[in-house]
Amino acid sequence: MAAGAPRLADCRACPRLSAFLDAARDRHPDYFLKPVPAFGDPEPRLLIVGLAPGFHGANRSGRPFTGDYAGVLLYQTLHAFGFASRPVSTAADDGLVLAGCRITNAVKCVPPENKPETTEIRTCNAWLRAELAALPADAAILALGQIAHKAVLMASGLRQSAHPFAHAATHRLPDGRRLYDSYHCSRYNTQTGRLTPAMFQAVFARIAKDQENGSCPSSPSSSPAA
Ligand code: SF4
């Protein structure tokens with residue numbers, strides 16, 4: 001980024017979220033408590049977009065999906081598909097490396113009760129837009145959950161109605177990129193069976209197959225995965 005450009009680490013554009021971080025600093029002096037940057041390969045063939053840092057996960061460790069339950073299925077699956085050097089992500093300095101994959105969140109600061117407000121999603125969308133702009137042209141995007149899906153469309157300047165969210169759906173975007181959807185791999189979704197390991201792996205298998213074929217899904221622009 002050019003000299004003088006705003007830095008994610010300094011961002012305080014959302015007053016409620018910045019105040020929430022400030023208020024937590026005394027109670028958790030060892031926590032990261034800043035906007036959590038993306039993690040992984042700077043030239044990925046797959047960008048994974050989650051919702052927001054978990055309070056005791058990414059907000060503690062400083063790395064997306066690291067240190068709490070939300071990352072368990074994600075990193076297991078990334079390892080199984082050759083993206084992660086190990087299947088468990090415990091801390092920012094645990095030595096885990098991502099190859100061909102990068103992970104970010106729609107909202108970079110932890111929100112109270114894991115619920116960002118609409119204005120915060122919109123405000124933080126500028127950072128996601130910059131991340132999408134920096135992606136290689138043929139990179140795929142995987143949205144974990146509806147909020148991440150909507151944030152990707154917003155950052156791409158696309159209408160939500162043209163690409164409705166559905167688990168295992170694939171969307172061909174006007175720039176030729178593919179957007180894949182999955183239910184979020186949260187503790188709630190995985191423990192209730194809304195998202196099983198097999199369902200999650202099937203989404204990754206579809207992405208891998210499309211990338212092997214080097215082809216975008218055919219029309220219509222939004223379709224369920226096979
Ligand atoms: S959520 Fe995003 S826009 Fe809001 S303060 Fe954090 S980094 Fe800045």
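The largest nonpolar core of this predicted model has 54 residues. A nonpolar core here is a set of buried Ala, Val, Leu, Ile, Met, Phe, Trp, Tyr and Cys residues joined through C-beta atoms within 7 Å. A residue is called buried if 20 or more other C-beta atoms lie within 10 Å of its own, exposed if 12 or fewer, and partly exposed in between, with the C-beta atoms placed from the backbone. The residues with the most contacts inside the core are Val-49, Ala-106, Ile-141, Leu-142, Ala-148, Ala-151 and Val-152. At least two core residues come from each of β2 (46–50), α3 (70–80), β3, α4, β4 (140–144), α5, β6 (178–182) and α7 (197–213). These helices (H or I, at least four residues) and strands (E, at least two) are DSSP runs, numbered from the N terminus. Helix α5 gives the most to this core, with 6 residues.

Before I continue, two remarks on conventions are in order. Residues are numbered from 1 along each chain as its sequence is written. As this is a predicted model, local features need pLDDT of at least 70 and side-chain atom pairs count only at pLDDT 80 or more, while totals for chains, interfaces and linings use all residues.

Let us look at two members of the structure in detail. Which residues does Ala-148 contact, leaving aside its neighbours within four places in sequence? They are Val-49, Gly-50, Leu-51, Ala-106 and Ala-143. Two residues count as in contact if their C-beta atoms, placed from the backbone, lie within 7 Å.

Leu-47 is buried because 26 other C-beta atoms lie within 10 Å. Not counting residues up to four places away in sequence, Leu-47 touches Arg-102, Thr-104, Leu-135, Ala-139 and Ile-141. Of these, Ala-139 is 92 residues from Leu-47 in sequence, yet the two are 7.2 Å apart in space, C-alpha to C-alpha.

I turn now to helix α4, which covers residues 118–133 and so has 16 residues by the DSSP run. From its first C-alpha to its last, α4 reaches 22 Å, close to the 22 Å expected at 1.5 Å a residue; the expected span is 1.5 Å times one less than the number of residues. The helix has a kink of about 35°, centred on Asn-125. The bend at a residue is the angle between axes fitted to the seven residues ending there and the seven starting there.

Which residues of α4 are buried? They are Glu-120, Ile-121, Cys-124, Trp-127, Leu-128 and Leu-132. An α-helix has 3.6 residues a turn, so residues three or four places apart point the same way. The cover over the buried residues of α4 includes α1 (15–24), β3 (101–105) and α5 (146–155).

Of the 15 residues around the ligand, Cys-11, Cys-14, Pro-35, Cys-109 and Cys-124 come nearest. A residue is near a molecule if its C-beta atom, placed from the backbone, lies within 6 Å of it. The elements that give two or more residues to this shell are α1 and α4. By type, the shell divides into 10 nonpolar, 2 polar and 3 charged residues. For this division, Ala, Val, Leu, Ile, Met, Phe, Trp, Tyr, Cys and Pro count as nonpolar, Asp, Glu, Lys and Arg as charged, and the others, Gly among them, as polar.

Next comes helix α3, whose buried residues are Ala-70, Gly-71, Leu-73, Leu-74, Tyr-75, Thr-77 and Leu-78. What covers them includes β3, α6 (187–191) and α7. Just after α3, Gly-82 takes a positive phi of about 80°.

The loop between α3 and β3 holds Phe-83 and Ser-89. Phe-83 counts as buried because 25 C-beta neighbours lie inside 10 Å. Phe-83 touches Leu-78, Leu-98, Ala-99, Gly-100 and Cys-101, not counting residues up to four places away in sequence. Ser-89 is likewise buried, with 28 other C-beta atoms within 10 Å.

Finally, I come to the loop between β3 and α4, where Glu-113 and Asn-114 are found. Most residues other than glycine have a negative phi. Glu-113, however, has a positive phi near 55°, and Asn-114 has one of about 60°. Are these residues buried or exposed? Glu-113 counts as exposed because it has 7 C-beta neighbours inside 10 Å, whereas Asn-114 is partly exposed, with 15 other C-beta atoms within 10 Å.
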